[in-house]
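Me: I have a structure to go through with you. Could we take it one element at a time?

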Amino acid sequence: MSIHILGIRHHGPGSARRVRAALEKIKPDIVLVEGPPDADGILEWVGHDELKPPVAILVFQPDDPKKAVFYPFSEFSPEWQAILYARQNKIPVKFMDLPMAHQFELRHQPAADSSLNNNMAIVPDTEIVKRNPIAWLAAAAGFEEEETWWEHEFEYRQDEEQVFDAITEGMHALRTELPLPYDREEQLREAWMRKTIRQAEKEMYTEIAVICGAWHAPALKHMPKAKEDNDLLKGLPKVKTAVSWVPWTYNRLSYNSGYGAGINSPGWYEHLWHHPADDGTRWMARVARLFREEQKDISVAHVMEAVRLANALAALRRLPRAGLEELNEATLSVLCNGEDILIKLIEKALIVSDKIGEVPMDVPRPPLQTDIEKQQKKLRLPQTADFKDYTLDLRKENDLERSIFLHRLELLGIKWGDRYDVSGKGTFKEQWRLQWDPSLSIDIIERGSWGNTVEEATNSYVKYRAQSASNLKEVCTLLESAIPAELDAAIDLLIRQINNLAAATGDVMQLMTVLPNLVQISRYGNVRKTDAALVEEIINGMITRICISLPAACTSLAEDAAQQLLELFYNMNDAILLLQQDDLSTQWTHTLSHIAHNTNTSPVIAGYATRLLSDHRTITGAELVKTFSYAMSTANPPAVAAAWLEGFLKGSGTLLLVDNDLWTVVNNWMNQLEQDTFTQLLPLLRRTFSGFSKPERRKLGEKAKNGITTGSTASFGIDVQFDTTRAEKGIPVVMKMLGIQL
């Protein structure tokens, strides 16, 4: 009976090649691989034509999907090659790590919980030192980085020496000599691995191949007594787990996940897997092709010179062959002319790559995930590792269905893509940028508790959020999202909820905040063929409530509150104009008139209400000038007049440019201000005029510089017939009031 310990590095092409060669030489009758035994049941899919790496095993806790872990595999992963060998040769293959059913519970228990094992004196509870012990071996060999040392010593080597014995011996020396604290969970993992090996021996397997991380190799080769491991593993807590295969990406391979194996250059490693003897020529040819696709002028001579330079650098550094670092330096010098930006292009397209794996539709998975994948296939929205832009024309049936699907996923919190504004007129287009992240599988599993299909789950989830919401704005936002998602059941509930909350609230500012969004929702009736009348009744009722309550809300306001209400006025007016309903417009103008003529109204709001009345053509000509003159009269405190002017001119000074009568009133008011008063009002006036566009400010400056050219009404701004005889009769009375004797 023989036990063959093959210590490797996860996701290493050289390690994968040596594992495959060792297995073909050993011809084991069972293969044990470091990984979660929870997933033994889905290993049968390895070797299936439609299961194409990179893929990952997802292990999660069904009653708490956030407790999940991924075990990723690439084509050049030693574990993948070991499992594939066993499947192709029809021999048993099993995972041998501590099951996630135990690890999930261990990770969420207090560190000092003595129930984790019965031998705390032997198993100290300490933190792992945050450093890589392999760095000691790299430093001893003269390398600054352990990554470079491992690659040149194990991943790039072509000879078939007894590399696994060397790895085990080196790791044994590290574990023996270095004073590294030893993590309890790691001890439990290694105890379970040894237990699995002993079980294989009991089952009379004679050639046992064990594939594990290099660090664990000494612990599996030099086994303690079985009783010690059994005592260590006694009484472990356990939870229920579920597993599935999910597509993975090379981008995600650069992260630490699963068994902590992150690599920086998966695209480069794939190249080494397929072309182990390449001296750099094939790689440089790929770089040259990439540059030519980007319209860069690259010749064969460039490629040849870059390869020569890379190999010369390797020789100077006493390396057996040129690695990625040497090839990148040669590329930067010869092909990029020293421009770092082009190296970023190589890193994204070749060194990392945007490759994504494939998983057969028949692989067991949650119902919601199955429905999502079916719709992705039906709507021709493939999962891609790199982002992809879609401009959807909602007048086309397929694009409309795509939009509905994406809006539903967005409501569910499955963040597959981002939505952007589309330039141009109309609401019949949407812009989406989609990029698939394998971690979305966890979100899908979590949302699966709301339903087995996207429509069912989204309806249920939105209903839940609506029923638990007490804020009118939150419910209106949900309705705004539910309309384009075409969630009829949820929309009915949301409308009832909005109606109830709107009827119960006395906060007019809250009603004004949500109204513009509801008006926007009504526009979907034309584009998406939905019934916009669903919200029209609510809109009409809310406008009536606002018109009744708003005049009182505009009185006795502090400056900051007045400015906040001013913004709501602006949006409210736009909403009224958008509806284009005469009865609602009449209600609104009557309310504005009441606000504008109420002496207790905040001056800035009274000014803006007057401006809106002018925009609605309710007051024009002499009446407008008269109202303006009264507001800017010297009888009013200067600060009040300035605030009224700010409101009237909010956002645009065009009126002052086209109406000389108004300009005259403002100009005369400014001229009669005392210097101290003018200095006090200057910040407010600057704020008012800063809201104008640059051309408006320039023209107003020119107008002030050049003077006023108007008709006879310029002096007073009021077009009336002047009765000289009647005026003369009043002179004695005025003179007497002033105490002047004629």
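Me: Which strand does β9 join, and over how many bridges?
Reply: β9 is joined by 4 bridges to strand β10 (residues 429-434), and the two run antiparallel. Strands pair if DSSP finds at least two bridges between them. Helices (H or I, at least four residues) and strands (E, at least two) are DSSP runs, numbered from the N terminus.

Me: What are we looking at, and how is it numbered?
Reply: This is a predicted model, in which local features need pLDDT of at least 70 and side-chain atom pairs count only at pLDDT 80 or more, while totals for chains, interfaces and linings use all residues. Residues are numbered from 1 along each chain as its sequence is written, and side-chain values use heavy atoms, with hydrogens and water left out.

Me: Back to β10. What stands opposite Arg 433?
Reply: Asp 418 stands opposite Arg 433 in β10.

Me: What is the strand order in that sheet?
Reply: The sheet is open, with 3 strands in the order β8-β10-β9 and antiparallel pairing. β8 (388-393) and β9 (417-420) are the edge strands, each pairing on one side only. Neighbouring strands are turned by 25° against each other on average, direction ignored. Axes are lines fitted to C-alpha atoms, for helices over the stretch in contact, and angles run from 0 to 180 degrees between N-to-C directions.

Me: Which helix lies across it?
Reply: Helix α17 (residues 397-412) lies across β8, β9 and β10, at about 120° to β8.

Me: New topic: β2. Which way do its side chains point?
Reply: From strand β2 (residues 30-33), Ile 30 and Leu 32 point one way and Val 31 and Val 33 the other, and all are buried (under 20% relative accessible area, with exposed over 50% and partly exposed in between; 1.4 Å probe, protein chains only). In a regular strand, side chains alternate between the two faces of the sheet.

Me: Which partners does Val 33 have?
Reply: Val 33 stands opposite Ile 211 in β6, and its bridge partner in β5 is Phe 95. β2 pairs in the parallel sense with β6 (residues 207-213) over 4 bridges, and 3 bridges join β2 to β5 (residues 93-95), also parallel.

Me: How do α7 and α9 cross?
Reply: The axes of α7 (residues 184-202) and α9 (residues 226-233) come within 9 Å and cross at roughly 125°. That makes α7 oblique to α9 (under 35 degrees is roughly parallel, over 145 roughly antiparallel, 65 to 115 roughly perpendicular and the rest oblique).

Me: And how many helices and strands in the chain?
Reply: The chain has 34 helices and 10 strands.

Methods
Contact means heavy atoms within 4.5 Å.
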